[in-house]
Amino acid sequence: MKKKRDKIKDLLNCGEESPEVLIKGWVRTKRDSKGGFSFLEINDGSCVSGLQVVAAHNLPGYEAIAPRLTTGSCVFVSGALVRSQGKGQTLEVQAAEVGLYGTADAEKYPLQKKSHSFEFLREIAHLRPRTNTFGAVMRVRHRLAYGIHKFFHDRGFIHLHTPIITTSDCEGAGEMFQVTTLDLAEPPMAGGQVDYDKDFFGERTALTVSGQLEGEIYALALSDIYTFGPTFRAENSNTSRHLAEFWMVEPEMAFYDLDDNMDLAEEFIKALFADVLENCAEDMEFFNKRIDPQILETLRTVCESEFERIHYTDAIHLLEKASEKFVYAVEWGCALQSEHERYLSEKVFKKPVIIFNYPEAIKSFYMKLNEDGETVRAMDVLLPRLGEIIGGSQREDDAILLERRMRAKGLDPEEYWWYLDLRRFGSAPHSGFGLGFERLVQFVTGMENIRDVIPFPRTPRHARF
Ligand code: 4AD
Ligand code: MG
């Protein structure tokens, strides 16, 4: 028997007959025919399609294992790859040998049925990757990650690993998960407060909400960097677009103003969509057939569209004029809710929209103040159906203005002395943005819930596998 395993994807892509192949994978279905044959559909996760195996009942050793070749069992099959006579597949394996690695008790295996709700599958996160949908999601997720590295590498960006444990709150929203080795039942106290001097790091630490601040340090030395790492937010939002642990891509560029930043964000999204359309054709066909019949067209349209760019103030005017009834009232100065964002991108412009120049009061301390003294050079990229996928800005590069905004937002400039130093020594105009990786995967696959595009979702009250 051949030693080296063939991946089903490679065999199908090659499309040619072959006298000897060896496949390994999990049985999806088994059908016995009257003529002394069984048909097994094997899937090895390399692509959506399985490969049909025709096994004659008189193969040596076959009778003994046949009853245990049930859905979910793991097998290897060697034989000849030949043109199929039957409908539904072009090639099939005429088995010379079928062997069993692991059984899956038909009475107990939870994926016996053909289709299951995504809610049910979330409860069996250890088995859901064996379904077609999750296989396709994970392959597309991988391709997007690869596409992100390729996009930035091709443009001379340096991939920077920023810390996960940090003492600073980048978004200043206080939504951080604390990291401590102190005994919670009996923490050391000093002056009526927990004495963090006795904690592992000698001060209060948390999981990062963003790699941006550290990213800026390296952008102001290497010009163009990006981070791509896990970020954590302890916000109690149980929505289909929020995770407590998610992956964020954050490019940071010296010498970019807000326009350059918007150009890069738009180019980035289009490049990623085009890459997936080209390189994940089979998985994308699957999503178009099973999840969202418009998804291929949507992605193609985004690639060809010019993103609408509007001032926050103009966005507010449009929303005030809208005949639509919103749950949250709109007035200048308010944060835009997802219903507002979706109205603009779905109903008004029917394409991606970049809103920029937001009121200073509702945006983070690090964003550059406009001459009007009221707005900052912030931008959000909104996609139809999803809402915000990217948030970014030109950064405040003036030490005095930055310190003033820090104080106004209740941050202690002493604690961020290193961040202010970047503006004291060789400051430069610079900009960057953050893209929520799971929101990207969600949009590209058409999946409704963000919990279904990450292997192990972390949400309020849910952290077990
Ligand atoms: O808009 P955000 O909060 O921006 C930042 O963190 C900046 N420091 C980025 C930067 O300028 N370098 O988050 C960026 C993106 C959002 O647009 C959204 O796509 C995603 O991160 N995001 C989440 N994704 C899933 N679950 C959550 N709880 C998310 N919070 C933000
Ligand atoms: Mg944001």
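1. At what angle do helix H8 and helix H13 pack, and how far apart are their axes? In this predicted model, helix H8 (residues 295-304) packs with helix H13 (residues 437-445) at an angle of about 120 degrees, their axes being 8 Å apart; axes here are lines fitted to C-alpha atoms, for helices over the stretch in contact, and angles run from 0 to 180 degrees between N-to-C directions. Helices (H or I, at least four residues) and strands (E, at least two) are DSSP runs, numbered from the N terminus.

2. Contact, defined as heavy atoms within 4.5 Å, joins Ile295, Thr298 and Leu299 of H8 to Phe443, Val444 and Thr445 of H13. The residues of this contact comprise 4 nonpolar, 2 polar and no charged, where Ala, Val, Leu, Ile, Met, Phe, Trp, Tyr, Cys and Pro count as nonpolar, Asp, Glu, Lys and Arg as charged, and the others, Gly among them, as polar.

3. In helix H10 (residues 338-348), the residues His340, Glu341, Tyr343, Leu344 and Ser345 are buried, that is, under 20% relative accessible area, with exposed meaning over 50% and partly exposed in between (1.4 Å probe, protein chains only). These buried residues pack against helix H9 (312-321) and against strands S15 (353-359), S16 (375-383) and S17 (387-394).

4. Ile158, Ile217, Tyr218 and Leu222 make a nonpolar surface patch of about 330 Å², to which helix H5 (residues 212-222) gives the largest share, 3 residues. Isoleucine 217, which lies in H5, counts as partly exposed because its relative accessibility is 31%.

5. Most residues other than glycine have a negative phi. Serine 223, in the loop between H5 and strand S12 (224-232), has a positive phi near 75 degrees, and it counts as partly exposed because its relative accessibility is 28%. Arginine 461, in the segment after H13, has a positive phi near 65 degrees and counts as exposed, because its relative accessibility is 86%.

6. On conventions, residues are numbered from 1 along each chain as its sequence is written, and chains are lettered from A and ligands numbered from 1 in the order in which they are written. Local features need pLDDT of at least 70 and side-chain atom pairs count only at pLDDT 80 or more, while totals for chains, interfaces and linings use all residues, and side-chain values use heavy atoms, with hydrogens and water left out.

Terms used
Patches are made of residues with over 30% relative accessible area and no salt bridge: like charges are joined within 9 Å, nonpolar side chains (Val, Leu, Ile, Met, Phe, Trp, Tyr) within 5 Å. Accessible areas come from the Shrake-Rupley method with a 1.4 Å probe; for residues, only the protein chains shown count as cover. A salt bridge is a side-chain nitrogen of Lys or Arg within 4 Å of a carboxyl oxygen of Asp or Glu.
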